[in-house]
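Trainee: Could we go through this structure together? I would like to start with whatever you think is worth a look.

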Amino acid sequence: MIDHVIMSVSNVEASREFYEKALAPLEYRVVMEMQGSCGFGILQKPNFFIKQGDPTTPPVHIAFAARDRAAVNACYEAAIAAGGTDNGPPGLRVDYHPNYYAAFFFDPDGHNIEAVCHRLE
């Protein structure tokens with residue numbers, strides 16, 4: 001159901017050090033790094049990201065796993081029809097990886113919601 005979560009932290013370096021230690025018993029480690037952020041996961045799939053920002057201010061980012069690209073498209077269209085606001089139409093995001101197909105929208109409270117499919121289609 002949940003593909004990944006992104007959480008803002010006040011000091012990304014300190015939080016990275018904390019989570020590297022705290023999540024080690026669960027076999028999570030840093031598997032992706034980007035400017036001002038890093039992703040923790042098992043093997044090569046990051047599920048939990050931290051990024052530099054204000055930890056007391058929404059929005060949060062939640063990505064829901066989709067079974068295929070058609071489901072990503074349908075989720076995006078349904079969200080927009082329900083009153084959501086566009087934050088990135090369905091499409092490939094090859095900066096993440098070659099098969100990263102996602103759509104982004106804001107919910108009524110401004111939270112950044114994503115539908116994502118990692119399958120090659």
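**Loops, helices and rings**

Mentor: Leu43 counts as exposed, at 67% relative accessibility; exposed means over 50% relative accessible area, buried under 20%, and partly exposed in between, with a 1.4 Å probe and protein chains only. This is a predicted model, in which local features need pLDDT of at least 70 and side-chain atom pairs count only at pLDDT 80 or more, while totals for chains, interfaces and linings use all residues. Residues are numbered from 1 along each chain as its sequence is written, and side-chain values use heavy atoms, with hydrogens and water left out.

Trainee: Where does Leu43 lie?

Mentor: Leu43 sits in the loop between strand 3 and strand 4. Helices (H or I, at least four residues) and strands (E, at least two) are DSSP runs, numbered from the N terminus. The phi of Leu43 is near 60°, a positive value in a residue other than glycine.

Trainee: Is Glu27 buried or exposed?

Mentor: Glu27 is exposed, with a relative accessible area of 61%.

Trainee: Let us move to helix 1. Which of its residues are buried?

Mentor: Val12, Ser15 and Leu23 are buried in helix 1. They cover an arc of only 60° around the axis, which puts them on the same side of helix 1; the arc is that of the directions from the helix axis to the C-beta atoms. Glu13 and Lys21 are exposed on the other side of helix 1.

Trainee: What do the buried residues of helix 1 pack against?

Mentor: They pack against strand 1 (2-9), strand 3 (37-42) and strand 4, where contact means heavy atoms within 4.5 Å.

Trainee: What happens at the start of helix 1?

Mentor: A side-chain oxygen of Asn11 reaches to within 3.1 Å of the backbone nitrogen of Glu13. A polar contact is a pair of N or O atoms within 3.5 Å; within protein, one must be able to donate a hydrogen and the other to accept it, and residues adjacent in sequence count only if both atoms are side-chain atoms.

Trainee: What caps the N-terminal end of helix 2?

Mentor: Asp68 does, with a side-chain oxygen 3.3 Å from the backbone nitrogen of Ala70. The buried residues of helix 2 are Arg69, Ala71, Val72, Tyr76 and Ala79. Seen down the axis of helix 2, these fall within an arc of 160°, so they line one face of the helix. Ala70 and Ala81 are exposed on the other side of helix 2.

Trainee: What covers that buried face?

Mentor: The cover of the buried residues of helix 2 includes strand 6 (85-86), strand 7 (91-92), strand 8 (101-106) and strand 9 (112-117).

Trainee: New topic: how many aromatic pairs are there?

Mentor: A search of the whole structure finds five. Rings of Phe, Tyr and Trp (its six-membered ring) pair if their centres lie within 6.5 Å; planes under 30 degrees apart count as stacked, over 60 as edge-to-face and the rest as tilted. One of the pairs is Tyr19 and Phe48, edge-to-face at 5.1 Å centre to centre with 70° between the planes. Tyr19 lies in helix 1 (residues 12-23) and Phe48 in strand 4 (residues 45-52), so the pair ties together parts that are 29 residues apart in sequence.

Trainee: Which residues do ring pairs link into a cluster?

Mentor: Phe18, Tyr19, Phe40 and Phe48 are linked in this way.
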